[in-house]
Amino acid sequence: MAAEETRGLSRTPACLCVLCGLPAAGKSSLAGRVLRSAAQRGWRASVVPYDDLIPEQAFQTRGEEDGVKLQEHTQWKLHRQAVLQCIEQFLEKLGVLAELPSSCQINRAAWDQCILPLLQPGAEDRSQAERAPLLFLLDDNFYYPSMRYEVYQLARKYSLGFCQVYLQCDLESCISRNQSRSKPIPTEVILDMVKRLESPNPQKNSWETNSISLNTTDDLSECDMQRVMELISSALSNPLSPAEDNTEQKEADRLKCASSVVHQTDQACRRRISEAMRTARENQVAPEHMRSLAAQLNESKATFLHNLRRQFLEEASFTQEEDIDVERVVERAVDVFDHEKKEILLRIINENK
């Protein structure tokens with residue numbers, strides 16, 4: 001690690017703590033209680049509220065797209081990356097209210113408010129302040145492991161502590177709490193997120209070992225809070241080690257995984273095409289239309305697989321330590337192709353009438 005990358009953190013223990021769960025699961029309430037406990041321990045702590053930092057239109061863009069489609073980076077994803085970039089810049093220039101790049105796509109006023117509690121005090125207290133632990137509480141849904149892994153990568157790059165608190169709350173309670181808010185999000189968003197949410201799984205992902213789960217359907221107990229503070233304390237005392245540069249191995253892993261995804265998707269798409277052809281025969285589609293159907297489906301499959309491989313190689317971000325759920329990726333990809341297949345089949349059947 002370059003000297004300029006470590007100068008801000010040379011004597012400062014720091015931790016990135018991910019708070020994840022459904023909307024209205026209680027993440028912000030927990031963050032407030034952690035802030036108070038951190039202050040009592042002499043820590044400098046701040047909440048990083050993604051909802052406040054990311055412009056509202058970015059969430060609207062995300063909602064208009066089909067989340068299971070493997071598409072190019074959305075503006076919403078770029079905004080999420082910008083939040084981590086701002087944290088990284090602050091870590092590099094610890095104690096300085098640095099200007100954000102003009103290209104940074106987050107709410108500047110909200111960011112300034114976020115880091116204000118972390119800024120260094122006057123020179124007479126600087127030595128003591130530099131030794132005070134630094135805590136970022138990242139408040140977001142973080143429903144995919146890949147979202148949380150990006151935070152882990154940042155912590156590992158700067159040898160920070162890393163931990164996760166998953167707030168498990170039943171769906172009915174989340175919907176009820178959300179509806180009582182001054183600005184509730186659509187219930188459909190919560191229902192959709194329930195389907196996508198993948199909670200921390202240390203058995204599957206070794207990098208998620210330092211995680212705990214809290215049942216927040218009812219109020220958190222003092223025992224729950226003690227568990228959270230012990231988790232953070234442990235993370236501060238046991239920072240991650242920087243990863244070695246294994247670019248060639250990562251590229252090989254990326255290609256191997258991409259090939260597996262494309263191969264399995266190809267097999268699944270072939271089965272979908274056979275089903276479509278069988279349906280067409282049952283609907284007594286004329287031979288010439290059957291030939292057209294087969295040609296269109298195979299052309300669609302070839303284009304789809306080409307784009308899938310290209311997008312996977314360009315967008316996938318993982319290392320050997322991150323477990324890629326190939327089966328889940330294939331399932332999502334096949335869902336997209338299945339939609340295209342149905343459109344082609346319906347068009348051919350209508351032309352046959």
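Predicted model: local features only at pLDDT ≥ 70, side-chain atom pairs only at ≥ 80, totals over all residues.
Me: How many helices and strands does the protein chain have?
Reply: Helices (H or I, at least four residues) and strands (E, at least two) are DSSP runs, numbered from the N terminus. By that count the protein chain has 14 helices and 5 strands.

Me: What share of the residues of the protein chain count as buried?
Reply: Buried means under 20% relative accessible area, exposed over 50%, and partly exposed in between (1.4 Å probe, protein chains only). The protein chain has 353 residues, and the share that count as buried is 46%.

Me: Which residues of the largest nonpolar core touch the most other members?
Reply: A nonpolar core is a set of buried Ala, Val, Leu, Ile, Met, Phe, Trp, Tyr and Cys residues joined through side-chain atoms within 4.5 Å. In soluble globular proteins, nonpolar side chains tend to be buried together. The largest core here holds 68 residues, and those touching the most other members are Leu30, Ile87, Phe136, Leu138, Val165 and Ile232.

Me: Which residues does Ser46 contact, leaving aside its neighbours within four places in sequence?
Reply: Ser46 sits in strand 2 (residues 44-49). With 3% relative accessibility, Ser46 counts as buried. Contact means heavy atoms within 4.5 Å, and the partners of Ser46 beyond four places in sequence are Leu35, Cys114, Ile115, Pro117, Leu118, Leu135, Phe136 and Leu137.

Me: How many aromatic pairs does the structure hold?
Reply: Rings of Phe, Tyr and Trp (its six-membered ring) pair if their centres lie within 6.5 Å; planes under 30 degrees apart count as stacked, over 60 as edge-to-face and the rest as tilted. The number of aromatic pairs in the structure is 8.

Me: How many residues apart in sequence are the parts that Tyr152 and Trp207 tie together?
Reply: Tyr152 and Trp207 form a tilted aromatic pair, 5.7 Å centre to centre with 45° between the planes. Tyr152 is in helix 8 (residues 145-157) and Trp207 is in the loop between helix 10 (187-196) and strand 5 (211-215), so their pair joins parts whose separation in sequence is 55 residues.

Me: Which helices hold Phe304 and Phe337?
Reply: Phe304 and Phe337 form a tilted aromatic pair, 5.8 Å centre to centre with 45° between the planes. Phe304 is buried, with a relative accessible area of 12%, and Phe337 is buried too, at 0%. The pair ties together parts 33 residues apart in sequence, because Phe304 lies in helix 13 (residues 287-315) and Phe337 in helix 14 (residues 326-352).

Me: How far apart in space are Val262 and Phe304, C-alpha to C-alpha?
Reply: Val262 lies in helix 12 (residues 247-282) and counts as buried at 16% relative accessibility. Val262 and Phe304 are 42 residues apart in sequence, while their C-alpha to C-alpha distance is 9.8 Å.

Me: Where does Arg80 lie relative to Phe142?
Reply: A charge sits over a ring if NZ of Lys or CZ of Arg is within 6 Å of the ring centre and within 35 degrees of the ring normal. Phe142 is placed in the loop between strand 3 (134-139) and helix 8, and counts as buried at 1% relative accessibility. Arg80 lies over the face of Phe142, with a distance from the ring centre of 5.2 Å.

Me: What phi does Ser159 have?
Reply: Most residues other than glycine have a negative phi. Ser159 lies in the loop between helix 8 and strand 4 (161-168), and counts as partly exposed at 28% relative accessibility. Although Ser159 is not a glycine, its phi is positive, at about 55°.

Terms used. Residues numbered from 1 in each chain as written. Heavy atoms only, no water.
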